[in-house]
Amino acid sequence: MEHIKSLIRNIPDFPKPGIQFKDVTTLFQDRWGLKKCLDLFEEKYRYQPIDKVAGVDSRGFIVGAALADRLGCGFVTIRKKGKLPWETISESYDLEYGTDDLEVHVDSIQKGERILLIDDLLATGGTLSAAVRLIERLEGEIIGISCVIELAGLKGQEKLGDYPFHSLVSYDEM
Ligand code: AMP
């Protein structure tokens, strides 16, 4: 995991003072880095029945879609407000730096479908908990939630209820 960490660029005070921004572009642009992340997620989930991977706008799409392909699943896009063209449901959430809404197409998940939820990073948990509420409203069954990075000091996992959570690398700092 230290090799994965070494490929994540830390940008202090972005997008505002006090935030340590974990830049995954440097991890994903590395041939080994992207493959390693996908290998680890695939290893964890390959023997679990999963109907769809749901990825959160926008960095959750990168690993989420690639992982869906590896697992032989469909992919659901959970997007920021106003991006999806069909009928949606929406949930508000607080960011570490601001507020926003997440939306999903009403017909993207069928009742009882087994869903793996993916994002790049868990900070306060506001974003992923909104994504969880969207999937619950569509009556999908969340079998797991995974991120590349967890900022464990922010205790975001507490907002995710009892769903199994997993991250590839964790930082204690806020
Ligand atoms: P949160 O809702 O606080 O868990 O924030 C998670 C979302 O915000 C993820 O989609 C991240 O992409 C982004 N994010 C929040 N904090 C950071 C950070 N320190 N570095 C990089 N991305 C972040």
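**Exercise 1.** By the rule that a disulfide is a pair of cysteine sulfur atoms within 2.5 Å, to what number does the count of disulfides come?

*Solution.* The model is predicted, so local features need pLDDT of at least 70 and side-chain atom pairs count only at pLDDT 80 or more, while totals for chains, interfaces and linings use all residues. Residues are numbered from 1 along each chain as its sequence is written, and side-chain values use heavy atoms, with hydrogens and water left out.

Step 1. A disulfide is a covalent bond between the sulfur atoms of two cysteines.

Step 2. For cysteine 73, the closest cysteine sulfur is in cysteine 147, 17 Å away, which is too far for a bond.

Step 3. For cysteine 147, the closest cysteine sulfur belongs to cysteine 37, at 12 Å, also too far for a bond.

Step 4. The count comes to zero disulfides.

**Exercise 2.** Determine whether cysteine 73 and cysteine 147 are buried or exposed.

*Solution.* Buried means under 20% relative accessible area, exposed over 50%, and partly exposed in between, with a 1.4 Å probe and protein chains only. Cysteine 73 has 14% and is buried. Cysteine 147 has 0% and counts as buried.

**Exercise 3.** Give the strand order of the open sheet and find its edges.

*Solution.* Step 1. Helices (H or I, at least four residues) and strands (E, at least two) are DSSP runs numbered from the N terminus; two strands pair if DSSP finds at least two bridges between them.

Step 2. The seven strands run in the order β5-β6-β4-β3-β7-β8-β9, with mixed pairing.

Step 3. β5 (88-95) and β9 (165-171) each have a single partner strand, so one side of each is left without a neighbour in the sheet.

Step 4. Strand β8 (residues 141-151) runs parallel to β9, and six bridges join them. Isoleucine 149 has valine 169 in β9 as its bridge partner.

**Exercise 4.** Describe the largest nonpolar core and the surroundings of isoleucine 149.

*Solution.* Step 1. A nonpolar core is a set of buried Ala, Val, Leu, Ile, Met, Phe, Trp, Tyr and Cys residues joined through side-chain atoms within 4.5 Å.

Step 2. The largest one has 29 residues, and Leu116, Val148 and Ile149 have the most contacts inside it. Helix α3 (31-45) is among the elements that each supply at least two residues; the largest share, five residues, comes from α3.

Step 3. Contact means heavy atoms within 4.5 Å. Not counting residues up to four places away in sequence, isoleucine 149 touches several residues, including Ile8, Asp120, Val169 and Tyr171.

Notes. Disulfide = S-S within 2.5 Å.
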